[in-house]
Each structure stands twice: as C-alpha cells, then as structure tokens.
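This report takes up two chains in turn and then the contact between them. Please keep the sequence and the structure open while reading.

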Amino acid sequence: MTELAPTLDARGLLCPLPVIRLQDAVRTLADGALLEVLATDPGTLHDIPAWCRVHGHSLLESHHENKDLRFRIAVRRQSQAQRSAKDAG
Amino acid sequence: MRNMDTASTKAAGPAAKSRPKAAALISGGLDSMLAAKVVLDQGVEVHGVNFFTGFCVEGHTHAIRKKDQAKDKRNNALWVAEQLGIPLHFVDVVDEYKDIVLNPKHGYGANLNPCLDCKVFMVHKALVADVLDGGFDFVITGEVVGQRPMSQRIDTMPVIARESGADDRLLRPLTAHNLSPTLPERRGWVDRAKLHGFRGRDRKPQIALAHRYGFTEHAQPAGGCCFLTDAKYAAKLQDLWNARGQRDYEFDDIMLLKVGRHLRPAPHYKLIVGREEGENNFLAGYRGRFPHLRTVSHEGPLTLVDGELTTEDALLAARIAARYSQGRAADTVTVRLNRPGAVAEELRVAPLPPMELPTAWHVGG
C-alpha cells in the first residue's frame, strides 16, 4: 500500500518557482519523510529530478496525471561530506 | 547600505571545522561555474546560491513561449551545480529586490539594470545576512575586472566588497591576481597561486579554462540572464511606471512584461496581445483579473487589457485585436470583450489597417 504523503501544489507556477517551493517544503521535513508535488510546468520534469540529485533526495516516482505532473520524493538528510565520501567510495 | 540585515557577527574562520566553507553565487553562466570550480578544487566545501529576483530570463520565458518549449528546459544554475557536484540553494528575493530596482543607490546601467546595487545585495544576502544559515567563511563570485561596464570595474569591485559587508571575505577567483589578497588567501584556505588574473571582456581565458576542466558545454554569457539589461524590457517597465504615475510593480506586472506584444493606444490603457499559443495560454491565466478580448469569427490571439476601456476605447481595442487575427484581411471581425464580473459583449469591427497602427503605440519597439 502506498504511504500517504503531504502534497505540495505547485500547479500554475513556472520554473524555477516549483523548485523553490519544493526546497522550502523539504526544509521542514525529517529524514525519510515523503512528499508529493503537483506541477504543470513541463520544466519541472527536468528541474525537480535535478534538484533531488544535487541534494541527495530520492525521486521515487514521476508521472503525468491528466494535465498535471506528479512527483513523489523521499527526503534524505546527509551532509555534503557524506555524499562526497559515498561518491568516492 | 539601505534596508539590509544587520551584519552577522559570526567569526570568520573555520577554526572548529574540518575545512572552510564558501557560498558561491551561481547564475548558471560560465564565469560563476568556473569560479566555484577553482575554489572547489582546493578542498573548500562550496555551496551554490541562486537568487530568484523575478527578472531572470531563463525558466519563465522558456516555459511560456511555445517555440522555446522544444529547447532544453533545464535550469542552468541547477545544471552547473550538478556538474560541480555541489548543493544549490535557491533564494526567493522577489519582494526585497524591489527596493534595489526602484531605488538603486548607484543608479542604473545602460537600461534599468542596477548591477552594482544588485551585486552588493546578493553578496550581502549570501554571506553577511547568511540567508541559508550556512555559516560560510567567505563568498565566491565569477566577476572579472573590466568585464562589465558598471559592476565589474577596478574601481567598483571594492565598492561591492565594502558595501555588502563582506569586505575581504569576498573572493573573485577568476580575477584575484588583479586585486589585493583576500582573507581566504591570507589564511591559506585557498592558494593564491592557483587563482587567475583574467581581465577585460575577452572570453578566451574562460573558454580555455573550461576546456581544461573538461566542461564541453555551458550556458549564456555572463550578464545575459537578467531582463533589466534588455532595452525593450526596460522600456516596457518604464512605460508601466509612467502610466501609473508611480515607480512600483507587483510580481504579475514584471511577468506580464515578458510576454506578448504591448501596445498603448492611450495613456490610460495598454493591450497585451499574445504572439503565439504558449503566450496565449499564459495570458489566459489572467483572464479573471483583466478585461480581455478574443476574436470569435476568426482564429486569433488573446488580448489582455491593462486599464479601463471607454466604449470608444473598446472599439479601437477590438479593431487592434482583429488586426492580429486570421481575419485581418476580412471586412469585419467579431470580437468578444469580457470584463471581470460583467456580461461579455460582442463587437463587430473592421480590423485596423497596419498603417493606422502608429509605431509609437508599440511599447518597447
């Protein structure tokens, strides 16, 4: 069963605003928390995965839902040093 | 310095930390990318910072215009961060930035670009106000002496350091050899010998350094990322201020200035005519707040009206909307005028011939 997650509604916003709202929302969440994002700007298909990669969060899913784009993200809390060590290893 | 946060009292220096930590202003262009890379390669922990002012060229404009949607829609600042392997923090400064645009202490550049005040603001926010709460030891920018006529001159670069409050914690790695040693250099956090002495508008040194790092692609040249440097955009912003009788703007105002053909037939109203499908879709989002016109007998663009129309104005506005429709050569075109909260009116008009559309009505050329 899919775990219920809070949803950030970024529909109607143009990039980079959906990513800025996502960044602000993630700041309030703990390691392992899930967040869903709804957006309409096609640019989010590129920007949200890229933002997750540079911050080490996990993008679990992204798909079209009618005219919307839905993303499911798992928050990962690790320092840049930890990520660097992981990359190096 | 106006309306800026109280300077941080954080001690400069990574005494209790394993390595120094820097905030790099990342625009998405080549220079800020190279500057961050030069310092990153010296073992400094670098975090990217990108300020969203509302005047950024990339992102919004590409998302709006249909013809741009075929292009790669990546956010260049994010792309740079990913290439460098550093985190990137966006900072929404739309509201605060107003004061920089409206009241620049150092004035404007060629258009309405307050470049010097802008850089002072951003360096201050990143390092001294520490909006990211990162406790950074210093800040990095991609500035190069002599590259920009206002903010990147040998006499104005010290102004940015001083007025931002960063002082000698502002490092410009690409042009450091043209400037006095900064705190990170004196403390040995970075090796001055490994910094650069680029100067002037020649881009060859940056291109060569990019090749050395193996960066095979990069985004727009420095300075090309802000609408305020654009003469046509600046003319539209000035027209908005003139028409309203005050220098002020809301976020939606500056968004709408990026979109459509702007025509002002009279001081009390302006028409914004969509130029293609993407712009029409974007303008459609404002239908609930603005009077708008749509041709119904022929295919045509959506036209928003910024202002109030008299009966006579409405007929002229309908003729202009018809002129940009598929019915431009027809004898009459039916145009529907919607005013928020009112019943729609249908107007049958003759499209305005191009010769009756004065060039002076085109705001921003």
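The paragraphs below treat the sheet of chain A, the organisation of chain B, and the interface.

The model is a predicted one, in which local features need pLDDT of at least 70 and side-chain atom pairs count only at pLDDT 80 or more, while totals for chains, interfaces and linings use all residues. Residues are numbered from 1 along each chain as its sequence is written, and chains are lettered from A and ligands numbered from 1 in the order in which they are written.

In chain A, 4 strands build an open sheet of mixed pairing, in the order β1-β2-β4-β3. Helices (H or I, at least four residues) and strands (E, at least two) are DSSP runs, numbered from the N terminus, and two strands pair if DSSP finds at least two bridges between them. The edges are held by β1 (7-10) and β3 (58-65) of chain A, each with a single partner strand, so one side of each has no neighbour in the sheet. Direction ignored, neighbouring strands of this sheet are turned by 20° against each other on average. Across β1 and β2 of chain A lies helix α1 (residues 17-27) of chain A, which runs at about 155° to β1(A); here axes are lines fitted to C-alpha atoms, for helices over the stretch in contact, and angles run from 0 to 180 degrees between N-to-C directions.

| Strand | Partner strand | Bridges |
|---|---|---|
| β2 (residues 34-39) of chain A | β4 (residues 68-74) of chain A | 6 bridges |
| β10 (residues 333-338) of chain B | β11 (residues 345-349) of chain B | 5 bridges |

Within the chain A pair, A:Glu36 stands opposite A:Arg72 in β4(A). In the chain B pair, B:Val333 stands opposite B:Val349 in β11(B), and the hairpin has 6 residues between its strands, with B:Gly341 at a positive phi near 80°.

Chain B has 12 helices and 11 strands. An automatic or database domain assignment divides chain B into domain 1 (21-228) and domain 2 (259-361), and the centres of these two domains, taken over C-alpha atoms, are 41 Å apart.

At the interface, 19 residues of chain B are in contact (C-beta atoms, placed from the backbone, within 7 Å) with 18 residues of chain A. On the chain B side, the elements that give two or more residues are β2 (45-52), α2 (60-64), α3 (76-84) and β3 (88-92) of chain B, of which α3(B) gives the most, with 4 residues.

Terms used:
Two residues are in contact if their C-beta atoms, placed from the backbone, lie within 7 Å.
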